[in-house]
Each structure stands twice: as structure tokens, then as C-alpha cells.
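The following exercises concern one protein chain.

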Amino acid sequence: MNTTALFSGLGGGADGADGFSMPSASTMVAAGSTAAIGYVLWEQLKFRLYKAGKNGYQMPGPASVTPVLGGIVEMVKDPYGFWEKQRLMSFPGMSWHSIVGVFTIFVTDAAISRHVFNHNGADTLLMQLHPSAKNVLGERNIAFLHGPDHKALRKSFIALFTRKALGVYVKQQDEIICKHIAEWMKNGSEAREMRPFICTLNQFTSQDVFAGPYLGSNADRIQFSKAYSAMTDAFLAFPLCVPGTTVWKGRQGRFYIIKVLTKAAAESKARMAAGEEPKCLLDFWSQQVLAEIKEAEEQGLAPPFYSADAKMADSVMDFLFASQDASTASLTWTVTLMAEHPDVLARVREEQERVRGNLDAPITGELLNEMKYTRQVVKEILRYRPPAPMVPQVAQKPFKLTETYTAPKGAMIIPSCWAASMQGYENPEKFDPDRFSAERGEDVKFASNFLVFGHGPHYCVGKEYAQNHLATFLARLSTSVNIKRTRSEVSDNTIYLPTLYPGDSVFSFSWLNQKA
């Protein structure tokens, strides 16, 4: 091909036989530099316009940002330090930054955060998850749903968290916790980083409670756990989904899990149709779905969109995934804070002895309801260190945040659940379970600031399940072992993984009553 002739046809310069000459290297560099400078100036001007509101309002934020990258490098290097600096720019209130060129608003005011959580739809705000979220979780994950489908699905979930259902789950939670504490104690005197062990406990608990009878042999469960871990690892990796990458392996893990859970859903429906008693969350949902299918048939309507086995599998996978990192973080904080506050641990033990009597007997839902102080401690752990500190949203069109400020379309809006938990409460930086006592009643006074489980359309439906899990764990831990923490220079730090964890979690244990 005659390249010169081709360019000539496009109308080149006057030099050369064909009236065209390639621009010199210096000309091309100059043009590129001019374009880059132009983009940088445009981006800085855009952010200046975006941060301005009515009546002279100027949202606090950095004086300038790194072109294109914004604060992403600092955020990756030190996530806690980055977001804490952002919080201090305006607390309570709003501040801005750029994340890879996206205008990002960090909301630290509890009332504004509730306002953000209250809106979810194609014409307001949609949740913004990890760049790999749709590859790892699938396009129809509940986090991406909104509107009538989302409402219908959540309504169906109500049957999964009745008092009867929660009672069945508590029994399973208790059995698994006892088993894992016994395993820990085989090397209890050895100081170890306990986060991986707590993660395993939580993983087994979730699997047994949500779909236990249907996950097959021990070897099948191990494979299921590996697939699940691959999904989790994908969220900590570079967002590239091609064969061999961590994200690709996470996606393959999802395919395996959906295959297993689709078969489980079919088996569960068959058991429930035969009139057997529910043994897990999937069974309770199968009961509900079968009733909804029957009702739809009687009315001449199509069955619910989520009633197919594969759709049910997708939702159960969501429960498994949602319960993993958040609950593991809270369980880790439970051990950590009890080691750091022996006075609180002593009061929990006293209540356990008084309420339970026989400490070897199974813990039930009824007993949990009597553990007033233990449940105060659980609620304070969640307030003090919310496992999911922030929930990003993206404005689908200009979105009014306050009377003086409207976020531009495309802005990322990040309400901080942690910042909300540090507002209103007396001495909020202090770990103080008594704040939730009947006498002080801060749980009532500042209920609107307790955003640990979110708010609005995506409010966590598993709230009671999660709190029961922590209460059962604390009840067993407190009456089984003594806890000793091995501290280091990072012990008082808080880290994002991406949920909140202590800087380290190195513990050793001894049996409380010197069991053999």
C-alpha cells in the first residue's frame, strides 16, 4: 500500500511530490503535550465547577489533584489514612476528591447519608461496587437490582428471618462455633494470627446455615470453599478478567457455586414439597417460593422471576458472599475488643452464667433474647467498628444532596457508615456497651445514626442473623476460654481489607475451666 498516497488523499501538507509530508517528531510531541495540558486544565476546571454549590458554598477537598489518577495511588497505599484524611476535611459534612478522574463525594453527615441510602433507581442513584463485581457476582446480583424486581425479591426474603427460622440458624451457629473453638484449643497456647481461623469458622457457618444439607460430602464442601475463596480473592486483585487472572478464577468459582446451589435448590424444593421440616435458609425460602408459585398459578399469573432453581442459587450465593467478609471482620473485632476490655468480658461471663445456667447446654434463640448485656456488647462492637465502612453510589443524573449542593451526573457519592456511628453518641471514640443500656438509651436517641446495616431499599435483610451470630460467638467464647493478645506496633491500627479489621489479631487461649 502507498502510505504517502493514502495520507495525501486525506489532505496533507504542501511538501512532497504528492503534496503531503509527515509531521516531524517535535511537532507531534508538541501537539501531544498541548492536548495533555488542555486535558489537565479542563479536568481541574471541571472539578472546581463540580465542588461549587449555591450561595457561595464550596465543598472542602484537596487544593489540586493528580491529573487522571486523582487520589487512587494514595488510597491503594494507605486506604485507612486516605479516607480518614478525607473525613477530617469536613466532619460531619461532605468533602470531595478525584478517584481515577471521577468526581467523588465523601459524605460524613449521618442525615445526608440516610438521604443517599433512601434513593436507589435508574433515575437517582445506583450502587457502585468493585470494577470486577459483575464478573465475579454476575449481572443479576441483588446489589445491582432496583425497582419492582428488587422489591419483590426482598419481600420473599422475609420468610427467611422469622423467629422460627432464626432459631434453627442459632442451633447450627452454636454447634459450629463450639467445634471450631475446640479446634483452636488444640494449639491454644500458641500465639497466632487468628483472622484466617475466624474466616474459616464463618465460612463453615454460612455454608451450613444457608445450604448445609445439600452441599454433599466433605470433599465437595472443600471444593465449594475453594471456589468461594477464589471469588473473594478476585475482589482484591487487579480488575482484569482473562484466562489465568485472579478475577477469571473468581468468575469460574461463581460458575461452580451456582452449579452446586442450583442442584441444591431443586433438592430443597422436593423436600419441602414432601412436607419435611426446614433445616437451613434454603429450605425456608423453598417453602416460601412454593407457596408463591401456587398463588401465582391460582391467579393465572407467571411464577415469580426468582423461583427458578438457578435464580434461587444466585440469591443464596449472594447471602453467602454478603455474610463472609463483614461477619469475619466483626467476629475478629469481638475477640480483639474482649481481650482489650477484660472488664466487659467479665460482665458478659457473669450474664452467661446467670442466664444459661448449664453452660454446656445448647444456646437457643430464646436464651439469646435474655442476654441483654451481651447484646449491648454486640451492638457496640458494630457501632465502634462497622464492618462495611462505606457504600459507594453513582449519580444517574444531577442529585440534590442538600439545599445548597447538587451532585453532578456521574459523581460517585460515598456515605460513610463509620462516620455516622461517631455522631451524637456520648464519647463516641470510646468502646462503651453501657451506652445501649435501658438507662442511657443511646440506641433510641441516636438510632438514625446507626447505619451499620445500611438504610433504605438496600437495608441488610440479614441484620438479625448477623447479630445472633456475633452474640452466640461471644456467649461461647466468654464461657470457654481465657484470651491473651500479643500486641505489636500495629495492634492499635485499623486496616481496610476492604472491610475494617484490627492492625493485627494475634491471640493465644487457655481453657477457662482447664479442660483436658
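**Exercise 1. State how much space lies in the largest cavity and which residues line that cavity.**

Solution. The space in the largest cavity of this predicted model comes to about 90 Å³. A cavity is a set of points, on a 1 Å grid over the protein atoms alone, where a 1.4 Å probe fits but cannot get out; lining residues have an atom within 4 Å of a point. Grid points are joined across faces, edges and corners, and the volume is the space filled by probe spheres set on the points. The structure holds one cavity of 30 Å³ or more. Its lining is formed by Arg-140, Asn-141, Ile-142, Leu-145, Leu-153, Phe-305, Tyr-306, Lys-311, Asp-314, Ser-315 and Asp-318. By class, five of the lining residues are nonpolar, two polar and four charged. Here Ala, Val, Leu, Ile, Met, Phe, Trp, Tyr, Cys and Pro count as nonpolar, Asp, Glu, Lys and Arg as charged, and the others, Gly among them, as polar. Helix H13 (residues 309-340) contributes the most to the lining, with four residues. Helices (H or I, at least four residues) and strands (E, at least two) are DSSP runs, numbered from the N terminus.

The conventions are as follows: residues are numbered from 1 along each chain as its sequence is written, and side-chain values use heavy atoms, with hydrogens and water left out. Because the model is predicted, local features need pLDDT of at least 70 and side-chain atom pairs count only at pLDDT 80 or more, while totals for chains, interfaces and linings use all residues.

**Exercise 2. Describe the second largest pocket and identify the helices that supply its lining.**

Solution. A pocket is an open set of grid points with protein on both sides within 12 Å along at least five of seven lines. Helix H16 (372-384) and helix H19 (463-480) each supply at least two lining residues, and H16 provides the largest share, five residues. The lining is made up of four nonpolar, three polar and six charged residues.

**Exercise 3. Which residues have the most contacts inside the largest nonpolar core?**

Solution. A nonpolar core is a set of buried Ala, Val, Leu, Ile, Met, Phe, Trp, Tyr and Cys residues joined through side-chain atoms within 4.5 Å. Buried means under 20% relative accessible area, exposed over 50%, and partly exposed in between (1.4 Å probe, protein chains only). The largest core has 58 residues, and Met-338, Val-377, Ile-483 and Phe-509 have the most contacts inside it. H19 gives the most to this core, with seven residues. Another core lies apart from it and has 47 residues, including Met-231, Ile-293, Ala-313 and Val-316. A contact means heavy atoms within 4.5 Å. Leaving aside neighbours within four places in sequence, the contacts of Val-377 are Met-338, Val-344, Val-348, Phe-431, Pro-433 and Leu-474.

**Exercise 4. How many helices and strands does the chain have, and what is its average pLDDT?**

Solution. The chain has 19 helices and 12 strands. Of its 516 residues, 50% count as buried. The pLDDT, the predictor's confidence in each residue from 0 to 100, averages 91 over the chain, and 96% of the residues score at least 70. Over residues 1-14 the pLDDT is below 50. Where pLDDT is low, the predicted coordinates should not be read in detail.
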